Amino acid sequence: MTTAQEERTTEDLKQLAEQAGRELEDASALEILQWAAKTFGKRFCVTSSMEDAVVAHLASRALPGVDVVFLDTGYHFEETIGTRDAVEAVMDVNLITLTPVQTVAEQDAEYGPKLHDRNPDLCCKLRKVQPLEQGLKDYQAWATGLRRDESPTRANTPVVGWDEKRQKVKISPIARWTQDDVDAYVTEHGVLTNPLLMDGYASVGCAPCTRRVLEGEDARAGRWAGRSKTECGLHG
């Protein structure tokens, strides 16, 4: 027997996303995720960089046992891997770790060492974008922790939108939140956060391409510092 989720066409999903984006703009993050859980069930997942576990925690309240997808690029800080392991241990989630086709050593052998310094776009494509494409193939919708206040490139992030590249519904339940909102939620619920956030990092990515931010810089300034690159390709 087929379910309503299985019967949806790409056009159905796109219309659903656009309608929900309008109707849920003023809804709370939890309400948005409750809508996602009801609408997509097991064909919905959360992606997390393990900078913090706010969206994973929210989603576990809306859909206990929700799939939480983590990209292990092979370049993460030890603190990030530790945060992932802690989330898996203490939250009501099903943690799924995705890995690239090649190990770092295999990539170095084919492309030369430190590809991230010479061609960061290609490195991100191989170690982030392609693994996520494969990892999301069985889902109709995915949730991210994108916020409008993080950078100018994210200022128009819808709470529910259409991911044209992947042909999926993309949900950003905390898009309207500020850093103060995140901090308040973390404090209220005792949510796990990456220890690097207490050590001068405002946004945590792969170790070779992430630095601490300086006073007055936006949260994304520590990513690919000194380059025009501002996004890894997962979100545009």
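Reply: Contact means that heavy atoms lie within 4.5 Å. By that rule Cys206 touches Thr73, Tyr75, Phe77 and Lys128, not counting residues up to four places away in sequence. Please note that this is a predicted model: local features need pLDDT of at least 70, side-chain atom pairs count only at pLDDT 80 or more, and totals for chains, interfaces and linings use all residues. Residues are numbered from 1 along each chain as its sequence is written, and side-chain values use heavy atoms, with hydrogens and water left out.

Me: Where is Cys206 placed, and is Cys206 buried or exposed?

Reply: Helices (H or I, at least four residues) and strands (E, at least two) are DSSP runs, numbered from the N terminus. Cys206 is in the segment after H9. Buried means under 20% relative accessible area, exposed means over 50%, and partly exposed is in between (1.4 Å probe, protein chains only). Cys206 counts as buried because its relative accessibility is 12%. Cys209 is also placed in the segment after H9, and its relative accessible area of 16% makes Cys209 buried.

Me: Which residues does UniProt list as "binding site"?

Reply: UniProt positions are given in the numbering used here, feature names are shortened, and annotations may be inferred rather than shown by experiment. The unreviewed UniProt entry lists Cys123, Cys124, Cys206 and Cys209 under "binding site". These residues are spread over 87 residues of sequence, yet they cluster in space, with a largest C-alpha distance of 10.8 Å. For "domain: Phosphoadenosine phosphosulphate reductase", the unreviewed entry lists residues 49-211. In the model, that span is 37% helix and 14% strand, and its end C-alpha atoms lie 16 Å apart.

Me: How many disulfides does the structure hold?

Reply: A disulfide is a covalent bond between the sulfur atoms of two cysteines. The criterion applied here is a pair of cysteine sulfur atoms within 2.5 Å. The structure holds zero disulfides. Cys206 is in none, and the nearest cysteine sulfur, that of Cys209, is 6.4 Å away.

Me: How should I read the pairing of strands, and which strands does E1 join by bridges?

Reply: Two strands pair if DSSP finds at least two bridges between them. Strand E1 (residues 44-47) runs parallel to strand E4 (residues 141-143), to which three bridges join E1. Phe44 has Ala141 as its bridge partner in E4. Three bridges also join E1 to strand E2 (residues 66-71), again in parallel, and Val46 stands opposite Val68 there. The chain passes from E1 through helix H4 (residues 54-62) to E2 in a right-handed β-α-β crossover. A crossover is right-handed if, with the strands pointing away from the viewer, the path from the first strand over the helix to the second runs clockwise.

Me: Which way do the residues of E1 point?

Reply: Phe44 and Val46 point one way, Cys45 and Thr47 point the other way, and all are buried.

Me: How do E5 and E6 run?

Reply: Strands E5 (residues 160-163) and E6 (residues 168-171) run antiparallel and are joined by four bridges. Gly161 stands opposite Lys170 in E6. The hairpin has four residues between the strands, and Gln167 takes a positive phi near 60° in this hairpin.

Me: Which other residues have a positive phi?

Reply: Among them is Met50, with a phi of about 65° although it is not a glycine. Met50 lies in the loop between E1 and H4 and is buried, with a relative accessible area of 0%. Lys114, also a residue other than glycine, has a positive phi near 55°. Lys114 is in the loop between helix H6 (104-111) and helix H7 (115-118), and counts as exposed because its relative accessibility is 52%.

Me: Which side chain makes a polar contact with that of Ser203?

Reply: A polar contact is a pair of N or O atoms within 3.5 Å; within protein, one must be able to donate a hydrogen and the other to accept it, and residues adjacent in sequence count only if both atoms are side-chain atoms. The side chain of Ser203 is joined to that of Glu51 by such a contact of 3.5 Å. Ser203 is found in the segment after helix H9 (179-189) and is buried, at a relative accessible area of 5%.
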